[in-house]
Amino acid sequence: MPDRRLVLLACLLVLACALFLVWGLKGRVGFILELRSIKLAALLCVGAAVGISTVVFQTVTGNRILTPAIMGFDALFLLMQTGLVFLLGGFGYLSLAGPAKFLLETVVMMAAAMALFSLLLGRGKHDMHRMILVGVIFGVFFRSLTGFLQRVIDPSEYSVVQGAMFASFGSVDPAQLFFAGAVTLAALAVLARLAGTLDVVALGRSTAIGLGLAYDRLVIALLAVTAALVSVSTALVGPITFLGLLVAALAHALMRSHRHAVLLPASAMIAATVLVAGQWLFERVLHLQSTLAVIIEFFGGTFFLFLVLKGRIR
Amino acid sequence: MIEIRNVSHRINGTPILHDVTCDIPRSGITALIGPNGAGKSTLLNLVARLLPLEQGAIVVDGEDVSRTPSRDLALRLAIVAQQVGIASRLRVQDLVGFGRWPHHRGRPGPQDAAAVAEAISDFGLEDLRHRFLDELSGGQQQRAFVAMGFAQGTDWLLLDEPLNNLDMFHARALMARVHAQTRPSLDRPRSVVMVVHEINYAAGWADHIVALKDGQVSASGSPKDILTPATLSALFGMEIRVEQVEGRPLIMHHL
Ligand SMILES: Nc1ncnc2c1ncn2[C@@H]1O[C@H](COP(=O)(O)OP(=O)(O)OP(=O)(O)O)[C@@H](O)[C@H]1O
Ligand SMILES: [Mg+2]
């Protein structure tokens, strides 16, 4: 049964990609196709990263309402952008080359995530709630610090920060995309092998240990992979809080299965389809630039509320 | 045999277990009794390495628990903990199937399917096998978790209050099943350690009793020796009358 649903999702994704590539194609076809392929690859990469990282994170934390964004990831990203503008000035920030900046961002995000996780897991504290609470507090702290820095910096440089503060699917740096793709593929390869193990992790700590998992080590590894995926998507297009929430809820509702062998591909394909089809609709058909992020956040939030109120989230 | 040697345990600085030393014999049923908060679950979780051992040693059939790899231990010892919440949406059959994970690690074979089918029929779950766990009653869930522990097929099975929420029919059926599988005359008898609050089940079925009070072993031995008015009154801090019915102690604790 689930396989047919996966095939359907794959068909939808292929359809969305085809529309995205060939819709309104005229003039210098080769050149336009190349530009569009780069954008498409970025959207697929972000979709896979957001969908899979959210499902893994929710499995590890045993929760369907939290996403990595709640752990203060997007806030950390914004702080990093603001901090760079503060230190280097607007011009220096803009001249910082793509791949170097991207690698730096990914490494900082992963390091911060690991510091947070090992701080809380390393001392034999197996308390997810405590960790999440600390994450939320860090998020508030990062946001306040960002707000403070923004008040201190030059108003003209503030506009540079603003560009990074909101998700944009418009421009993609090919070199950055190459690194992002490599990180995403590596993470996917690791998770594909761990799909069965993730099913056991979802049973909770006691049951998983009783079944012979080296649970604590495994959780750290899984959170590191999650951190890498979140860094990739945030660095490529900026913070998109509700996409992961929306996609994970959809994947669980559609697949109605506990098996990550179907949940992970489903969430990746749903996220990619939403991004590709949405970008096609808003940019090509409605000619509205940079509204997709707003729409995703709006519908993601609304749909999530609907799911909570209908009691469909378990 | 499970050898527990000088085990002390603290939670957040509060001492929970003080220098616990006892042996749990191989094959048969060992009942762990004692008042709420005595440390029964803590001790069971330490044996099953769900809590890290801080002080002392625990050896299961010659293997030191704190040094044996978790996956090796999962083939010798299974635990059904006191409170198990499950976040993912699972069907009964899938949950019981997870009991076979230590054996197949993701690729179930025919003997795994057979073990799951047996556990499901042993605990009367045939009609519920396709139901979601969060759509079952408390007692039905409890039976599903115990069935999962049985499906793991280990020599040692630790059950923390397995009779919780069970009606008298299912409670007796569970005890009879555990009893049948732990007889030393079997080819491969299991050994079961269970926390029991309904003391007459211990009186009726257990081969060995360990009494825990305030984090210390206050008594251990055969049911006849432990289930006496004097020992039980001291353990629970109340007057308890004990009758003899069909050669077994019947504890009149409810009147
Ligand atoms: N996470 C915790 N934090 C603080 N104290 C705890 C924690 N878990 C258990 N305790 C304390 O440790 C003591 C022993 O708890 P344990 O769960 O082992 O008791 P028990 O004998 O299983 O009781 P019950 O019959 O109620 O299940 C209790 O006093 C309890 O309050
Ligand atoms: Mg207990």
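How far is an oxygen atom of ligand 1 from an N or O atom in the side chain of B:Lys40? The distance is 2.8 Å. This is a predicted model, in which local features need pLDDT of at least 70, side-chain atom pairs count only at pLDDT 80 or more, and totals for chains, interfaces and linings use all residues. Residues are numbered from 1 along each chain as its sequence is written, chains are lettered from A and ligands numbered from 1 in the order in which they are written, and side-chain values use heavy atoms, with hydrogens and water left out.

**Around ligand 1**

- The shell around ligand 1 holds 14 residues, and B:Gly37, B:Lys40, B:Ser41, B:Thr42 and B:His197 come nearest. A residue is near a molecule or strand if one of its heavy atoms lies within 4 Å of it.
- Helix α1 (residues 40-47) of chain B gives the largest share of this shell, 3 residues. Helices (H or I, at least four residues) and strands (E, at least two) are DSSP runs, numbered from the N terminus.
- By type, the shell divides into 4 nonpolar, 8 polar and 2 charged residues. Ala, Val, Leu, Ile, Met, Phe, Trp, Tyr, Cys and Pro count as nonpolar, Asp, Glu, Lys and Arg as charged, and the others, Gly among them, as polar.
- A polar side-chain atom of B:His197 lies 2.8 Å from an oxygen atom of ligand 1. For B:Glu161, a side-chain N or O atom is 3.2 Å from an oxygen atom of the ligand.
- On its own, ligand 1 has 630 Å² of accessible area, and the protein covers 60% of it. Accessible areas come from the Shrake-Rupley method with a 1.4 Å probe; for residues, only the protein chains shown count as cover.

**Chain A**

- Chain A has 13 helices and 0 strands.
- Of its 314 residues, 52% are buried. Buried means under 20% relative accessible area, exposed over 50%, and partly exposed in between (1.4 Å probe, protein chains only).
- Take the contacts in chain A with a separation of 6 or more: residues 24 or more positions apart account for 76% of them. Contact means heavy atoms within 4.5 Å.
- Chain A exposes about 14,000 Å², and carbon and sulfur atoms supply 72% of that area.

**The open sheet in chain B**

- Four strands form an open sheet in the order β2-β1-β4-β5 (chain B), with antiparallel pairing. β2 (14-24) and β5 (63-64) of chain B are at the edges with a single partner strand each, so one side of each has no neighbour in the sheet.
- Two strands pair if DSSP finds at least two bridges between them. Strand β4 (residues 55-60) of chain B and β5(B) pair in the antiparallel sense over 2 bridges. Here B:Val60 stands opposite B:Glu63.
- B:Asp61 is in the loop between β4 and β5 of chain B. This residue has a positive phi of about 45 degrees although it is not a glycine. B:Asp61 is partly exposed, with a relative accessible area of 28%.

**Other strands of chain B**

- In strand β6 (residues 77-80) of chain B, B:Leu77 and B:Ile79 are buried on one side, and B:Ala78 and B:Val80 are buried on the other. In a regular strand the side chains alternate between the two faces of the sheet.
- β6(B) pairs with strand β7 (residues 156-160) of chain B in the parallel sense over 4 bridges. B:Val80 has B:Leu159 as its bridge partner.
- In strand β9 (residues 208-213) of chain B, 5 of the 6 residues are buried.
- Strand β3 (residues 28-33) of chain B pairs with β9(B) in the parallel sense over 4 bridges. B:Ala31 stands opposite B:Ile209.
- β9(B) also pairs with strand β10 (residues 216-221) of chain B, in the antiparallel sense over 5 bridges. The hairpin has 2 residues between these strands, and B:Asp214 takes a positive phi near 50 degrees.

**Two serines**

- B:Ser27 is in the loop between β2 and β3 of chain B. B:Ser27 is buried, with a relative accessible area of 18%. Its phi is positive, about 60 degrees, although B:Ser27 is not a glycine.
- B:Ser233 is in helix α10 (residues 229-236) of chain B. B:Ser233 is buried, with a relative accessible area of 17%.
- A polar side-chain atom of B:Ser233 lies 2.5 Å from the backbone oxygen of B:Pro229.

How values were computed
Polar contact = N/O pair within 3.5 Å; in protein donor to acceptor, adjacent residues only side chain to side chain.
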